Amino acid sequence: LGELQNLDKLEDLTALKQQTKLQIATPIANLSATSQLRVTVGNTAHTFTLGSHSSSIKNYSDLAELMNSGVIRTDVAVNGKNLTFSDLGLLAGGNATSLVISSAFLGNSDTYSELTAGELSGTSGLLIPGHTDFAGLQVLTKEGVHLAGTPLSQTQIQSLISSANGFSEGAKYTASHLASGEVTSYLGAEVSRLTTRGDYTSAISSLAKSSTIDSNIAIGAMPIPTARAKMAAPLKIETATGLSLNYEASQGMMAGQISAALNDKISQYGINASAYNFVELYEIPSETVQFDLKGDNFTPARINMDMSTGNIQALVNQINTYSESTGIFASRSASNALVLEHRGGNDINIEAVSISGSGSIKVRQLDQYGEVINSPQNTASPAPEISTGKYAILGGQIQLTSPSDFELSTNDVDISVVQSEFASGFIKRAFDPDNSSTSYSFKTLKHADSAAIGAAGLASVAASSSYKFEIKGDNSNSSLVANIAGLNSEDLNGQIVAKKLASELRQNSVQAGIYGNTFSFADGFPSNGDTLEFRLGDQTYRATLNDVPSYVIEDSNVKIDGITYSQSEALKQIVASSNFTISGPEDNRIRVGFTEASGGFKLYAVANDGVISGHSLRLTSNNSSSNLNAFHFDNTSSAFIQGDEFDTTQAVNQVIARLNVGGTTTDITFDNGVVTPLTANGVTISLEQGSSVNTGFLKISIPNSVSDQDIRLSATANSANFGINTASTQLTLTEGGFNLSEYGSDRIQVSGSVESLASETISIDGLSGEDLIIISTGNIRPSILGAATSSTHNLNPREISAQVTSDDGRTVVLKDTKTGDYLGSRTLSSTNNFQFRGFDWQFDGIGNKNDEFLLSTSGNRQDDASNLVRFNRLASLSETSGKGGYSEIYSNLVTDTGFKSREAEQRLETTQAIHDVALDRKSEFSGVDLDTEAARLLEQQQAYQALAKVLSTAKELVDTLLRSF
Amino acid sequence: MTIGTTRFFQNNSELFSRLNEDLKSLQSQAGSGKADLKLSENFRDVAKLSAADEMRSQTKQFIANSGRVQTDLETLDLAMDRLQNVLIRLQEVSVESSNDVLLPEERQRFISEAKMLKDEIFEIANQSDSFGNSLFGGVSGKSLPFEMAGNGKVSFVGSAMAKQISVSNGLSVMQNFSGADIFQNAEGPNGRFSVFELVDDLINSLSVDLSSTVSTNLLKSANSAVIELPDTGPDAEISLTLATAAGDTSFSASIYGNDYSAFVTHINSKTATSGITATYLGGNRVSLQATSSELKLTNFTQNGMTDPNSSLKVLDPNTSATVETVAQNKINFGDISVRITDAFEHFATKRAEVSAASRRAQDAEEANMDILVGLEEDIADIEDADLAAVLTRIEMLMTQKEAAQATFTRITSKSLFDFLG
């Protein structure tokens, strides 16, 4: 596709899919009030009658605007609602002659259905099918280092890696630095490639078996086996490009060591291996617990803790005092549970267990996201546990990840490889054992997924992204699901996506709130700054009353701001003016205010949208009695938890929910319209009337008198039809997305999916001026979006080490010295040199294999005459850089000037001669030659004298004549 | 054509002026001996002169560089001489101390001396020339290219590139060394090594009882022996030799997470030739049996163990009490002595490089002096006037001038007016 030169930063390079479009062209004059636009979406034809709007339609841009804004809706309602274009995932554009309708359908009918036909006023439209195939964007350096994309096959390598495509002569393909996982580093730059579906992954244990088949956990009576379990047969790895490898671990190797060894072998195939080992010890008994903990250490770390006080943090702290030697870190995951992490993925051994009573500790392995590994060992019933005299060998897991599909097998038994939406997907998931939570953030592409209409009105693109999030909760037969779609422009923001998903998930679960007692003005109104502290699950919120106006009681009236009110009116005024500020882990999580009730007002506090965990919203024990009194709370006040409405005519007898009050669990049964029991541990259970006949909802009323207010309503396998949906997790919105924290010893499972007009997005940051080549290997001609920033340096900071790698000494591999990353390789020419990165690498002789040369850059050279050398070099022209040659230039300048000077002098002489001749000629006319003038004067004198003589003679003659008379 | 008298006088005046200027220039050249080069007339000479001037300037700088580098290399040579002397003393210490009857106090004295020698090498490694430039810092410009950590480990923080200075076109001579090349790149029989680590090894070797690297007969009181192997941490490599009456057999293996079963398997794979069988007891303990009544353990080396100085323990099979400790054989005097010799030769080679560089600088200086003389001649050829030609031309111009003046005088001395009246 092209070359990006001197690249430093590449932001969201994306290839866009093409949406299906319907183009209709019929004379605008033909449209009337009865004209209908008919579109078939999925298998349903939807009709939009123009009606009175037809008169305002001057061109198809007007019609498009009416359709997009939802002014014109379907004639027939679907599920009680007349649908808009937006509901159908359609966007219209138009000009004077044509209407174009784009569909947000991207091949997955979960969110939108496919646009298959359409007509306007009887004129059928032309359907232009969309293309949703992967464009297959590949980003490589000019030396053939594949940074992002999918591994290339040998055929692709041979056809694409060529100087004709901009690669260097001698470029060699390698996938060793191919971005896989969240972020890959190359030359210190962060390279990431995200796809909507995510990378292909497979999790195996060190026994070369799928983690879901055998997660490598061994529990038994001491003594512990002397030899470690080993993979029974080699692991076979086959790539989609036809490469294959067999790997067999050595005796004693654990997951971390196997993953490191695998990486050495398979990174060149574009597959990355990593290892992790998370183990949860849960339901730790309230007894004295002792065990030997072994990780990297040989001498066991003896753990000894009296758990009778339930101080799980003390046990965590004791384990962490040995972390330096064991390599194992502990974190609290519940009041009687902790998570052990052996960083690097090697085994965790728990040996010589001793528990003072007859108790035992349950053990389970977690994956890298904190979910229980779904292996037979972890899901066995009863759950695996360790007790006095036992040991547990808990193996880590190896995660293999690749942007491209691959196959794994051992002994010809295939190991599952799946695409994971959380591995380089648009949903980022990270387990934080220290906070016993998992964070989620969502990638959005505003430039790709916003609705857009081209300047000419025709090239319309419908907002096509959708985000789905599912929590497998307390109901084993149902999930909490949120699905948002059609987000546009500013709403295409990760935080907003998280907020909308959280809101929908909460709305699909149960509602919780608390009410104070009804009070009148005479009962008193709390003052500014009065506070109440609430607890929602594990979270604490504090509400502070503000803006209570000043008031003066005058007999039976009340004066506020100089206006006199009756007491009841005054209370309304005060309530209207006052408000609460809430502080807590999440903004706007709870809403607190006063609501009007018979005889006055009462305080309410509700969890916005709902509570996924099914917890009650309760007052904490930190509230003072004076504050409780001020807000009119006493033992008769009550909190509530309630489910959604359901059909109360269901003829079943099932346990529809489970109520936990202070550790005591009560099953709530629905039997032909009746729920039982009606009370449990002081809590009232009722079936309330719904908004229509034969509907109702389950309500739990919790009087303030109940001593343990930590109450939770949870779903059962039968809850789906009874408006109860919960999961043992607490969702907290954060700046980047949301966190899901585990509640108790239950662990949830989540999944997600994303649709986007961009099937993949590639970002690179901090490459410091490398040239990259962009290739598309997909089946469609892609439209590319993205932003690139270049970077140039006067002194290239890249230091290069060149290592001779062949026995004949002629092959040299060049690496970035700082990072050790591969830059390229060259073969020595017949003159023992090669060109690389603008340098002529000239070798004196032939190196031995493994000889290494270092190209250093230093801005700190002094006293080495290097400037003189550079000046000298400047005298002659460099053929490689094209710089220099001043000596020749100066010489030419002197010669040229000399010639011109001589030419000017000659011209001066010539001109001078002409000037002289001209002066001579002028002088000829205007000048005076004294000799000539003297001669002429003599002539004149002589003539004069002659004439005088004539005159004299004549006079004499006349005189003579006269005298003769 | 007839011209005016004034014009006639003007013409002649200009002619005389031009002749005077030419004569003045020629007389000036004759007086100074320098040619009066005009760009319009001598542009080739001017271009040549410019190039020659540049060349002269460059050559003078090369000569200055040569002088400077010779001075620096002399300092470097002195430093290398000191280094060789230190190594000679180190070898003496090594030989004197390689004696297993030395008392601990005597060993301590050798250790003290070895530490002082290390300090002296460190001091030399950070030595500077008279301008304050480091002799072994390379191009880095760091005044102290070597740093010593609290644990005595010496690291190089200078540049791997030696500083070079141009002494002629195409010839650069090193002005200093990269410390990495001198002190951390000595070639030994087992690859390259650091001189500082060599001294550390000598110091460590002096701390170890020589006799502790070989066990006594493990089977002297029982027909099997139990040894306890060290903590591998996540992974480590181990090798040792088991000596029986039938001969020595060496074993080595990579051990992961203290699972020595692989090592036992390795020993048992050679039972047919060694006569030794092993059983892994767990807890890093191995039971050894041999067909021979004598079994000794030696040449124990390891890499990557949690404790780099860890040793093997021989346990009482019944009580598991430690009977004997076998130290690592990584430090042996033979190896150290060889490496000291190698380091000495390394320094000698580098010193030879200093001499060679100095000689090249000297040669370059002489060559540049010759070039400078030639250049001066060439410049003189261009700049100096040809006196004979100048004088001849002066004579010619003088004659021309006199003839012209005489003619002018003759012409202008008589006028028609003289004949009038």
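The model is predicted. Buried residues come to 44% of the 421 in chain B.

Now take the overall form of chain B. Its C-alpha trace spans about 165 × 45 × 35 Å along the principal axes. The radius of gyration is 44 Å, whereas a compact globule of 421 residues would have one near 22 Å. The secondary structure consists of 10 helices and 14 strands.

Charge comes next. Chain B carries 57 negative side chains and 35 positive ones. The centres of these two sets lie 6 Å apart.

The largest nonpolar core holds 56 residues. Those with the most contacts inside it include A:Phe534, A:Phe594 and A:Leu659, along with A:Ile668, A:Leu698, A:Ile700 and A:Leu713. Set aside its neighbours within four places in sequence, and A:Leu659 is in contact with A:Ile668, A:Ile700 and A:Leu713, among others. Its contacts also include A:Ala680, A:Val683, A:Ile685 and A:Ile711. A:Thr664, A:Thr665, A:Thr666 and A:Arg712 are in contact with A:Leu659 too. Another core lies apart from the largest one and has 48 residues. Among them are B:Leu73, B:Val154, B:Ala186 and B:Val199.

B:Thr232 sits in chain B, in the loop between strand 7 (224–228) and strand 8 (235–244). Is B:Thr232 buried or exposed? B:Thr232 counts as buried because its relative accessibility is 0%, and the cut-off for buried is under 20%.

A:Glu169 is in a loop of chain A, between helix 2 (154–160) and strand 12 (184–186). A:Glu169 counts as exposed because its relative accessibility is 61%, and exposed means over 50%. Which residues does A:Glu169 touch, not counting those up to four places away in sequence? They are A:Ser163 and A:Arg826. A:Ile213 is 44 residues from A:Glu169 along the chain, and their C-alpha atoms are separated by 48 Å.

Definitions and conventions
Residues are numbered from 1 along each chain as its sequence is written. Chains are lettered from A and ligands numbered from 1 in the order in which they are written. This is a predicted model: local features need pLDDT of at least 70, side-chain atom pairs count only at pLDDT 80 or more; totals for chains, interfaces and linings use all residues. Side-chain values use heavy atoms; hydrogens and water are left out. Helices (H or I, at least four residues) and strands (E, at least two) are DSSP runs, numbered from the N terminus. The radius of gyration is taken over C-alpha atoms; the globule rule is 2.2 Å times the number of residues to the power 0.38. Buried means under 20% relative accessible area, exposed over 50%, partly exposed in between (1.4 Å probe, protein chains only). Lys and Arg count as positive and Asp and Glu as negative; His and the chain ends are not counted. The place of a charge is taken as NZ of Lys, CZ of Arg, CG of Asp or CD of Glu. A nonpolar core is a set of buried Ala, Val, Leu, Ile, Met, Phe, Trp, Tyr and Cys residues joined through side-chain atoms within 4.5 Å. Contact means heavy atoms within 4.5 Å.
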